[in-house]
Amino acid sequence: MLRSLPEKIYQNITVEMGNKQRKIYDKIKNGLLSKIGDKKIKRHKANNEFMKLRQICGTLACLGMKDISASLDAFEDFVKDNLYGEHKLFVFAPFKATARAAYNRLLKMKIKAVYVDGDTNHRDVDIYRRKFQTKNSRYKAYVGTIDKNKEALTLTNADYVIFLGKSMVQKLNEQTEDRTHRIGQKKVVNIVNISNRDTVEESIEEKILLPK
């Protein structure tokens with residue numbers, strides 16, 4: 001049956017952080033590297049700092065600051081260039097603040113979207129899915145976090161899957177993108193990965209995800 005599915009096309013968009021985002025990122029990165037070099041940090045604290053670096057790649061809103069994000073700026077540009085006709089988007093991120101910021105940006109662009117994260121109850125998830133999947137629905141984007149949208153979900157109305165950061169577990173990334181690449185999908189599925197140059201996102205892709 002899988003042979004009857006349309007193909008997937010993969011696209012990588014790499015962006016440069018702006019000055020403020022880069023300054024905060026580098027400060028945390030250099031502090032972490034220094035502590036690791038001096039063996040002055042425990043593993044769980046190092047993991048927390050590493051997580052913070054990943055969050056900053058999404059948006060500074062992850063730190064409770066204003067939504068400043070090179071990758072979300074690129075996301076907006078991509079949407080403006082590609083969201084026309086019958087195209088629809090499945091957009092997700094590993095962190096709530098990034099997913100929520102992407103959703104808010106779509107709303108500011110007057111694009112109808114639904115949003116689902118770990119706090120969304122099962123009943124509402126089904127309601128949002130049906131809103132998105134209904135034929136001729138005006139909802140053009142389904143946005144959420146990977147933890148809530150990696151399985152038990154069919155979104156064959158979407159033909160664009162946009163990663164705003166990836167899970168460090170490749171199987172979860174594959175499960176998430178396959179929410180659109182299922183029986184019933186009639187269009188080519190475009191998998192778009194937006195990432196920041198010279199950051200942990202590149203390292204995760206090159207050293208963890210690609211080798212698998």
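In what order do the 6 strands of the open sheet stand, and with what pairing? The order is S1-S6-S5-S2-S4-S3, and the pairing is parallel. Strands (DSSP runs of E, at least two residues) and helices (runs of H or I, at least four residues) are numbered from the N terminus, and two strands pair if DSSP finds at least two bridges between them. The model is predicted, so that local features need pLDDT of at least 70 and side-chain atom pairs count only at pLDDT 80 or more, whereas totals for chains, interfaces and linings use all residues. Residues are numbered from 1 along each chain as its sequence is written, and side-chain values use heavy atoms, with hydrogens and water left out.

Strand S1 (8-15) and strand S3 (113-116) stand at the edges of the sheet; each has a single partner strand, so one side of each is left without a neighbour in the sheet. From one strand to the next, the twist averages 15 degrees. Helix H8 (residues 200-209) packs on the sheet, where H8 touches S1 and strand S6 (189-196). Contact here means heavy atoms within 4.5 Å. The direction of H8 makes about 130 degrees with that of S6; axes are lines fitted to C-alpha atoms, for helices over the stretch in contact, and angles run from 0 to 180 degrees between N-to-C directions.

Strand S2 (residues 89-93) is joined to strand S4 (residues 141-145) by 5 bridges, and the two run parallel. Within this pair, valine 91 has valine 143 as its bridge partner, and leucine 89 has alanine 141. S2 is also joined to S5 by 4 bridges, again in parallel, with valine 161 of S5 as the bridge partner of phenylalanine 90. In a regular strand the side chains alternate between the two faces of the sheet. In S2, Leu89, Val91 and Ala93 lie on one side and Phe90 and Phe92 on the other, and both faces are covered. Of the 5 residues of S2, 5 are buried, where buried means under 20% relative accessible area, exposed means over 50%, and partly exposed lies in between (1.4 Å probe, protein chains only).

In soluble globular proteins, nonpolar side chains tend to be buried together. The largest nonpolar core has 27 residues, and those with the most contacts inside it are Phe75, Val143, Ile162 and Leu164. A nonpolar core is a set of buried Ala, Val, Leu, Ile, Met, Phe, Trp, Tyr and Cys residues joined through side-chain atoms within 4.5 Å. Two or more residues of this core come from each of S1, H3, S2, H4, S3, S4, strand S5 (160-163) and S6. H3 gives the largest share, 6 residues. Valine 143, apart from its neighbours within four places in sequence, is in contact with Val91, Ala99, Ala102, Tyr103, Leu106, Ala113, Val114, Tyr115 and Val116. A second, separate core of 16 residues includes Phe90, Tyr142, Val161 and Val189.

Helix H2 (residues 43-58) has 16 residues, which at 1.5 Å a residue should span 22 Å; its end C-alpha atoms are 23 Å apart, in agreement. The expected span is 1.5 Å times one less than the number of residues. Ala46, Leu53, Arg54, Ile56, Cys57 and Gly58 are the buried residues of H2, and their cover includes H1, helix H3 (70-82), helix H4 (96-108), S6 and H8. In H4, the buried residues are Thr98, Ala99, Ala101, Ala102, Tyr103, Arg105 and Leu106; these pack against H2, H3, S2, S3 and S4.

Lysine 110, in the loop between H4 and S3, has a positive phi of about 65 degrees although it is not a glycine. With a relative accessible area of 74%, lysine 110 is exposed. Asparagine 136 counts as exposed, at 71% relative accessibility.

Arginine 22, by contrast, is buried, with a relative accessible area of 17%. Arginine 22 lies in helix H1 (residues 19-37). Not counting residues up to four places away in sequence, arginine 22 touches Met17, Arg197, Asp198 and Thr199.
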